[in-house]
Amino acid sequence: MWNSEEIRKKFIDFFIEKGHLEIPGVPLTFYDPTLLFVSAGMVPFKPYILGEKTPPQKRVVNCQKCFRTVDIEKVGTNGRSLTFFEMLGNWSFGDYWKEEAISFALELLVNVFKIEKEKLYITVFGGDKEIPEDKETIEIWKNFGIDERKIFKLSRDNNFWIAGNFGPCGPCTEIYYDLGEEIGCKKKECQPGCDCDRFLEIWNLVFMEYYLDEKGNLSKLSQKNVDTGAGLERLALVLQNKKSVFETDLFLSIIQELEKEGVKDIKSQRIIADHLKGAVFLISEGVFPSNVDRGYVLRRILRRSVKYLKMLGLSKKSLISPIKKIGKIYENIYPEIKQKEEEIITVILKEAEIFEKTLNKGLNKFYSEIENLKKSNKKEISGKVAFDLYQSYGFPLELTEELAKEEGFLVDKEGFKLEFEKHKEISRVGAEKKFGGIGKTPDYQAIKHHTATHLLHAALRKILGEKVKQMGSDITSERLRFDFSFDRKLTQEELIQIENLVNQKIKEDLEVKKEEMSLKEALKSGALAFFKEKYPERVTVYTIGDFSKEICAGPHVKRTSELGKFKILKEESAGAGIRRIRAKVE
């Protein structure tokens with residue numbers, strides 16, 4: 001029986017023997033303007049597919065960590081849906097095409113992994129108004145001995161692949177494994193593409209020859225590319241003769257640990273195991289719980305896990321031993337998980353603690369609303385109530401939707417959005433008043449505080465290490481507030497060192513230099529940009545001596561000596577894995 005490490009290694013070695021160059025995977029947070037996370041193996045290779053850059057070799061192979069949010073609601077309801085997973089892939093950039101890609105896949109599955117050919121089923125693109133049926137691929141499969149009765153033509157929704165809303169794309173052919181008639185819906189018409197568990201997609205071969213623009217128009221790429229993705233967890237399911245990915249060696253020890261902690265329900269086990277694994281990998285890459293972007297996704301999966309724990313009467317401490325099992329599973333492949341284990345546990349437990357405090361009150365509010373709606377024969381929770389659950393009790397909208405669905409109710413999502421926008425506008429106006437009009441007509445003291453945040457940020461990174469990242473700031477004429485990623489309370493000695501270093505740079509009377517350049521040039525120059533996905537094509541970079549360099553919209557003083565004396569007023573927690581410093585200059 002193959003274990004997961006052997007499967008991963010054999011896949012890579014097989015394609016190296018076929019002339020492919022192994023390329024390391026990129027972080028889940030790899031920058032792509034169309035995505036929050038790397039959701040497919042193709043993401044880092046887009047420039048090669050588009051012909052914008054020359055690949056190191058025309059044939060490459062890799063193993064890529066992926067995170068997808070589209071399946072969050074499905075996790076736990078079946079044996080295959082995951083948020084975090086690993087994708088094994090082989091690539092051809094203008095080299096081989098359909099026949100060779102299909103022959104490689106069959107050779108590896110049947111000759112190397114010894115999977116029974118009779119259990120393989122195939123889907124192909126059935127065509128539509130824009131693109132014809134992929135008859136070429138059908139004939140190739142038949143020539144390789146696949147019975148035509150096991151080849152199914154599916155629609156664009158199933159067999160046309162694109163990562164994100166626009167970009168390189170193309171028809172695909174998928175390889176399914178039949179887990180047996182006793183699995184799934186048991187209907188006679190059950191076939192690949194059915195939403196039940198019987199037919200498991202284990203490999204997707206994408207023939208990238210088109211580009212879909214933002215307006216929905218298709219055009220031909222300058223070269224034909226092959227992009228394949230074989231899910232490691234699903235291959236492990238087949239090769240380890242299991243019925244669910246949660247029974248494989250990539251999950252079993254986590255599930256067993258959850259069972260020891262008192263999580264007996266299968267659905268809860270699967271949801272917590274998957275979400276916990278996703279959270280562990282995101283935190284290891286510097287993502288922290290918040291109400292926006294990546295941090296919101298992390299918060300959502302953690303709070304969903306905590307909800308299931310609380311429903312079973314268990315505490316956040318039940319998560320510690322499963323987290324340690326995750327580190328053990330991946331210690332030879334992703335050693336950073338084990339290395340950062342203490343920090344990861346701290347962040348998760350802090351977020352769980354924050355949510356636990358309001359969860360019961362929020363649930364009482366939710367079920368009280370449900371009772372009121374039942375009395376009035378209504379079936380929809382208003383946007384105002386959904387926003388109140390979000391604002392007052394920390395319920396992500398998706399959690400409210402999930403709870404509502406369990407009770408047979410809907411949620412007014414549009415109403416929620418309106419309430420959210422209304423809240424943002426009130427907050428914006430309040431912030432402008434508080435800040436003395438920064439960004440429009442800022443006063444001099446506010447500008448000094450804004451410049452001081454750059455010095456503070458640089459000092460924190462010098463003294464605490466470069467894992468420190470800015471998580472937010474708030475500036476007024478009276479003081480500055482700076483939030484940053486860090487997993488513990490700062491010591492008094494560290495605070496004195498930080499304060500002294502900032503004051504040293506103020507005394508050095510350093511020039512605050514302003515330059516305009518492209519975002520690409522700014523990043524290349526070493527300018528800090530932790531929110532670069534929000535930046536325009538042209539940005540402003542502020543450099544303070546050789547001490548600080550950041551992309552920032554300003555405004556700033558001309559020289560550091562204008563700041564006077566910097567003093568830290570308070571250091572405190574601002575959330576899970578986030579610290580806050582309040583300070584001022586005089």
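1. Let me start with the core. The largest nonpolar core has 94 residues, where a nonpolar core is a set of buried Ala, Val, Leu, Ile, Met, Phe, Trp, Tyr and Cys residues joined through side-chain atoms within 4.5 Å. Buried here means under 20% relative accessible area, exposed means over 50%, and partly exposed lies in between, with a 1.4 Å probe and protein chains only. Trp141, Ile175, Ile202, Trp203 and Ile348 have the most contacts inside this core. Helix H8 (residues 266-284) gives the most to it, with 9 residues. Helices (H or I, at least four residues) and strands (E, at least two) are DSSP runs, numbered from the N terminus.

2. A word on provenance before you go further. This is a predicted model, in which local features need pLDDT of at least 70 and side-chain atom pairs count only at pLDDT 80 or more, while totals for chains, interfaces and linings use all residues. Residues are numbered from 1 along each chain as its sequence is written, and side-chain values use heavy atoms, with hydrogens and water left out.

3. Which residues does Trp203 touch, not counting those up to four places away in sequence? With contact meaning heavy atoms within 4.5 Å, Trp203 touches Phe11, Phe15, Asn90, Ala105, Leu108 and Leu109, and also Thr173, Glu174, Ile175, Thr228, Gly229 and Ala230. As background, nonpolar side chains tend to be buried together in soluble globular proteins.

4. Now the chain as a whole. The protein chain has 18 helices and 18 strands, and its C-alpha atoms fill a box of roughly 80 × 65 × 45 Å along the principal axes. A compact globule of 586 residues would have a radius of gyration near 25 Å, and the 27 Å of this chain agrees with that; the radius is taken over C-alpha atoms, and the globule rule is 2.2 Å times the number of residues to the power 0.38. Buried residues make up 55% of the 586. Of the contacts between residues at least 6 apart in sequence, 71% join residues at least 24 apart. The chain exposes about 26,700 Å², with carbon and sulfur atoms supplying 48% of it; accessible areas come from the Shrake-Rupley method with a 1.4 Å probe, and for residues only the protein chains shown count as cover.

5. Helix H14 (residues 397-406) is worth a look. It is largely enclosed by the rest of the structure, because 7 of its 10 residues are buried. Those buried residues are Leu397, Glu398, Leu399, Thr400, Glu402, Leu403 and Ala404. After H14 comes Gly408, with a positive phi near 80 degrees.

6. Towards the end of the numbering, please check the sheet with strand order E12-E13-E18-E17, an open sheet of 4 strands with antiparallel pairing. Two strands pair if DSSP finds at least two bridges between them. Strand E12 (470-475) and strand E17 (566-575) are the edge strands, each pairing on one side only. From one strand to the next the twist averages 20 degrees; axes are lines fitted to C-alpha atoms, for helices over the stretch in contact, and angles run from 0 to 180 degrees between N-to-C directions. E17 and strand E18 (residues 578-585) pair over 8 bridges, and Ile568 stands opposite Ala583 in E18. Helix H16 (residues 444-464) packs on this sheet, touching E12, strand E13 (480-485), E17 and E18, and its direction makes about 25 degrees with that of E13.

7. Is Leu495 buried or exposed? Leu495, which sits in helix H17 (residues 492-507), is buried, with a relative accessible area of 13%. It touches Leu490, Ile568, Glu571 and Ile581, not counting residues up to four places away in sequence. Leu495 and Lys307 are 37 Å apart, C-alpha to C-alpha, and 188 residues apart in sequence.

8. Finally, there is an open sheet of 3 strands in the order E14-E15-E16, with antiparallel pairing. Its edge strands are E14 (512-518) and E16 (548-551). E14 and E15 are joined by 7 bridges, with Lys513 opposite Thr543 in E15. Strand E15 (residues 538-544) pairs with E16 over 4 bridges, and Tyr542 stands opposite Glu550 in E16. Of the 7 residues of E15, 6 are buried. The hairpin of E15 and E16 has 3 residues between the strands, and in it Gly545 takes a positive phi near 55 degrees.
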